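Open the model in your viewer and keep the selection tool ready.

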Amino acid sequence: MADDDTEEAGRRSNQGEAGTAVGPLYVLWENSLEKLKILNYENEYCGERGRKPFSRVHFIFPGKNMSNQFDEFMDICGWLCTVCSGDPETFKRDPYDDPNTVANKLMLALRQLDCRLSFPSQKLKAAHGEAVCSVLDFLTDKALSVKNFRWAQPVYTDADIVEMAEDDVAASLDDIEDEVDGGVEEDDLYQEDARLEMSEVSLDSSARQIHTSEVDPIHWKTELERVGPKLRAKQQLSTNEWRAHVDMTVASKSHIEKVLGETEGDLQALNREISDELNKIRSKERYTNNQFAALSHEFKEVKLKLEELEAKSGRTNESVIKLTNDLAEVSERLEELKESFESRDSGMNDTSPLVRMKSALQQIKAEIHEFDLRIGVVAHSVLMARVGSTNRRRKGAQQNARRRRHKNKKGQSDNYVDGGEIDEL
């Protein structure tokens, strides 16, 4: 199982985004996965929903099916929100919601749980990466705090101490071998090939002597008790050791073999029943096809006739539409002719011009009468002016005559002549 996880991680890392630091993501997701195991998610979540437990790189890289990975992420977040708040309505998504709406609902639920992470909701939509692992780490911490879980100091047994000591001794030996190899490689730069072979032989013999050295067990245990606290401080046990994975693989294999032996017969019987049912279905299908062959042929003929009628109906509809357009054009022209005829008839039967002419004649007569009156007034004024002028002349002539009578004092004949002239005037 560990090898499978390693291969899957390598394959996904090649497909991942360039420049992404996956080291911290591994640690973040492994911590979250261990917290989920403490919360017993394998039984309470996976068992109830029929899902498989998550792998060590499940939410680090994009999966084969992004939709399933998104559903798994939202389901585990919904379960953790329910554990944290005790209310299933804290984060509940509708099956018809689109991914953007679901991601926004999860952001609101995280704010209700006092989450101080800052990232856009589009990163949750991807269902993998740093934002997803950070959300799961926050929710698992919140769920553990709600359940009053406290991390305690590890308790080591004698077997664990011996195992750690062996690991430390092996690690120190590896370091010594690396140092020796490094020194020999530097010296080989200045030595001949024969010298190199001799040094390699000496190194191999010294390594075999170190690995096969004989040590007193009692002295070894005494020394182990003395250096045990230092070893405990230097290295801590981890639940992700390869031995635990090997034990898990062996247990899973035995469980699979046990279940397979019980269910193999049932699966074979089920396979036979399914095969029989498929054969029956095929035979029934052939029988049905033979029985309804005539109806199928008749249906095809009726369908062809229907298609011909539909085509004919389409052509008829096109001609009707064309004739309708022509009728509309003729109707418009008819309306225009009717309007022109009506305007001409109304002009021929209209007496308003005569009325206007009569009124104009009356107005002209009135103006002529007014002009005649003005002419009479002017003539009378001219006559009066002429009469007045004549009277003035007469008075002037009389005055002149009087003056002459007084000056000349002529005879009566002259006066008579003068009087006759005055009468003529």
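Start by selecting F59. This residue is buried, at 0% relative accessibility. Buried means under 20% relative accessible area, exposed means over 50%, and partly exposed is in between, with a 1.4 Å probe and protein chains only.

Before the next stop, some ground rules. This is a predicted model, where local features need pLDDT of at least 70, side-chain atom pairs count only at pLDDT 80 or more, and totals for chains, interfaces and linings use all residues. Residues are numbered from 1 along each chain as its sequence is written, and side-chain values use heavy atoms, leaving out hydrogens and water.

**The whole chain**

Zoom out and show the cartoon. The protein chain has 14 helices and 0 strands. Helices here are DSSP runs of H or I with at least four residues, strands are runs of E with at least two, and both are numbered from the N terminus. Now colour by burial: of the 425 residues in the protein chain, 19% are buried.

**Aromatic pairs**

How many aromatic pairs does a search of the whole structure find? It finds 8. Rings of Phe, Tyr and Trp (its six-membered ring) pair if their centres lie within 6.5 Å; planes under 30 degrees apart count as stacked, over 60 as edge-to-face and the rest as tilted.

W29 sits in helix α2 (residues 23-38), while F59 is in the loop between α3 (41-49) and α4, so the pair ties together parts 30 residues apart in sequence. W29 is buried too, with a relative accessible area of 0%.

Next, select Y45 and W79. This aromatic pair is tilted, with 5.8 Å centre to centre and 45° between the planes. Y45 belongs to helix α3 and W79 to helix α4, so the pair links parts that are 34 residues apart in sequence. Buried or exposed? Y45 is buried at 0% relative accessible area, and W79 is buried at 9%.

Now select W29, Y41, Y45, F54, F59, F73 and W79 together. Ring pairs link these residues into a cluster.

**Last stop: Q69**

Select Q69 in helix α4 (residues 66-85). Q69 is buried, with a relative accessible area of 4%. Which residues does Q69 touch, leaving aside neighbours within four places in sequence? Its contacts (heavy atoms within 4.5 Å) are H58, F59, F61, P62, G63, A127 and H128.
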